[in-house]
Amino acid sequence: MRILVIDIDSLRPDHLGCYGYDRATSPIIDSIAEDGVRFERCYASDTPCLPSRTALATCRFGLKTGVVTHYGEGQRYDEPGNGHDPDAARLPSFRHLAENGVYTASVSSFSQRHMAHHFSASFQEAIQPTANAGTMAIEDCSDVTPVAEQWLDQHAEDENWLLHVNYWDVHHPYLGIDPFLELVRDSGSAAQWPDAEAIAEQRGMTGVRCADLWPAPAQYGPDWADDYDWRMPEQVTSRADVEQFVDGYDASIRRVDAEVAKLLAALERHGIREETAVVITADHGEAFGEHGIYAEHAFPHPPCQQVPLVVSWPGVRDESETESVDSLVYQFDLMPTICELTNTPVPVEWDARAFTPALYGKQFAEREYIVSGHGIYTFGRAVYTDRWMYVRLLHPGVFTYPGLYNDPTMANQGLELLHDLETDPYMEHNLVESHPKRTEHLRQILDRWIAEHLSDGWREQRPDRSRGQDTLARMCATGPYLYVDPDALSDLYADLDRTERQREALQRTIDTFGVKLQGLPQL
């Protein structure tokens with residue numbers, strides 16, 4: 001079997017035509033979805049980039065592997081093994097496929113950018129498309145596609161391979177999008193939320209990448225926007241500012257969609273397009289107003305944690321079968337599914353479960369709930385059920401959120417949220433107090449989930465590591481401040497003459513949750 005996995009950083013599903021978006025952002029991806037199955041409620045188990053891709057490569061929750069954020073203790077993969085000998089029962093998912101006859105390769109600079117060599121090491125062949133990728137270097141799709149095409153030209157007609165291709169371009173700063181702006185603008189209007197009323201509600205919150213202030217303190221200055229190919233608004237004060245963000249994002253999706261077309265054309269050249277499985281997915285999404293955040297993945301909520309999953313697998317679906325699946329799945333459930341479809345045994349130790357029957361339009365053992373952790377700008381976890389979402393924030397960073405802290409004087413009270421996603425899809429109303437039984441039920445689900453997965457023995461072979469401890473909770477001792485210095489933000493608020501209530505709310509959050517990173521770069 002030949003499998004092409006296209007992994008698009010920061011891509012949220014509801015900005016794709018196949019998921020119902022009005023704009024023509026994704027005609028090629030939409031055509032793949034027409035021939036395959038679209039998963040409507042797919043969530044990454046851990047976000048953002050490093051936790052998400054580690055989960056995909058291990059099929060284990062970050063609670064077990066230890067990878068829950070981008071820095072410090074929370075970025076270190078807790079791989080069981082001794083010396084040169086890994087635990088054979090816990091091999092990474094791509095390596096497991098390779099040991100069972102599927103040649104695995106990846107075209108991505110992700111491992112270098114996030115110091116995630118456990119990810120690249122899980123492939124037989126890991127190709128870095130640019131030589132200078134690192135903390136601040138960003139590979140462009142024009143770097144990635146030629147390398148992937150070259151690989152396909154060399155291997156396309158081989159039997160049994162999986163190629164992972166990673167595009168970064170949908171993540172801000174939205175580079176090279178000029179040829180695609182009018183295409184998306186002319187094809188439809190940006191989503192009508194947030195409207196003027198919602199924007200006004202968000203204006204009093206504290207933080208960065210939010211309606212009140214988008215650039216981080218280290219970026220701020222008279223020429224801060226020069227770092228961006230696309231003009232990013234300094235604040236969101238009107239619908240025009242919202243649309244400025246969304247236009248850049250949508251045009252970036254259309255740009256990557258054109259790159260996907262080139263990969264499909266390479267398959268066509270070699271006469272294997274119809275017999276190649278194609279998967280479209282992402283590591284996380286991006287908020288555009290939800291909880292006051294813009295063009296960033298900063299909070300445990302669906303805009304960040306819900307990802308597209310489109311699987312077009314030859315021979316498993318005909319036109320009479322369903323094109324969409326509404327059941328809850330994790331993104332890493334893809335890997336045991338690939339195992340089953342390639343006659344590879346599925347390790348019993350994986351947290352991931354195959355959804356293979358869904359590709360045939362049949363029922364499968366769907367999940368009752370999803371737990372998804374988040375570890376940048378804030379630390380927290382969300383529980384998703386049929387229509388409800390419960391969030392427990394372990395550390396709010398520098399933020400006070402609409403719907404969580406409507407009154408700045410209550411900035412450090414009630415680090416829980418409850419949203420009815422059916423009646424309140426934009427999560428504007430926190431229902432914790434009005435629905436105490438529902439809140440308690442979901443709270444217990446999360447508590448049981450943590451207890452169950454902390455005690456499953458993942459770390460028992462590593463006496464140098466702390467078994468039975470939650471790395472995300474431990475990281476609160478340093479704070480989610482990799483990308484924003486709280487003291488620098490406080491100083492900037494004073495310079496910008498923010499209201500006294502805002503400054504007090506920010507300072508109260510810093511004083512209560514505080515603890516500053518030492519020796520790490522502030523971006």
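Which residues line the second largest cavity? The model is predicted, so that local features need pLDDT of at least 70 and side-chain atom pairs pLDDT 80 or more, whereas totals for chains, interfaces and linings use all residues. Residues are numbered from 1 along each chain as its sequence is written, and side-chain values use heavy atoms, without hydrogens and water.

The lining consists of Ile138, Glu139, Asp140, Trp168, Asp169, His171, Pro173, Tyr174 and Leu175. A cavity is a set of points on a 1 Å grid over the protein atoms alone where a 1.4 Å probe fits but cannot get out, and lining residues have an atom within 4 Å of a point. The volume of this second largest cavity is about 50 Å³, taken as the space filled by probe spheres set on the points, which are joined across faces, edges and corners.

His171, one of the lining residues, is also among the residues that His297 touches (heavy atoms within 4.5 Å). His297 lies in the loop between strand S11 (294-296) and helix H11 (302-305); helices (H or I, at least four residues) and strands (E, at least two) are DSSP runs numbered from the N terminus.

Technical notes
On a 1 Å grid over the protein atoms alone, a cavity is a set of points where a 1.4 Å probe fits but cannot get out, and a pocket is an open set with protein on both sides within 12 Å along at least five of seven lines; lining residues have an atom within 4 Å of a point. Lists of a residue's contacts leave out its neighbours within four places in sequence.
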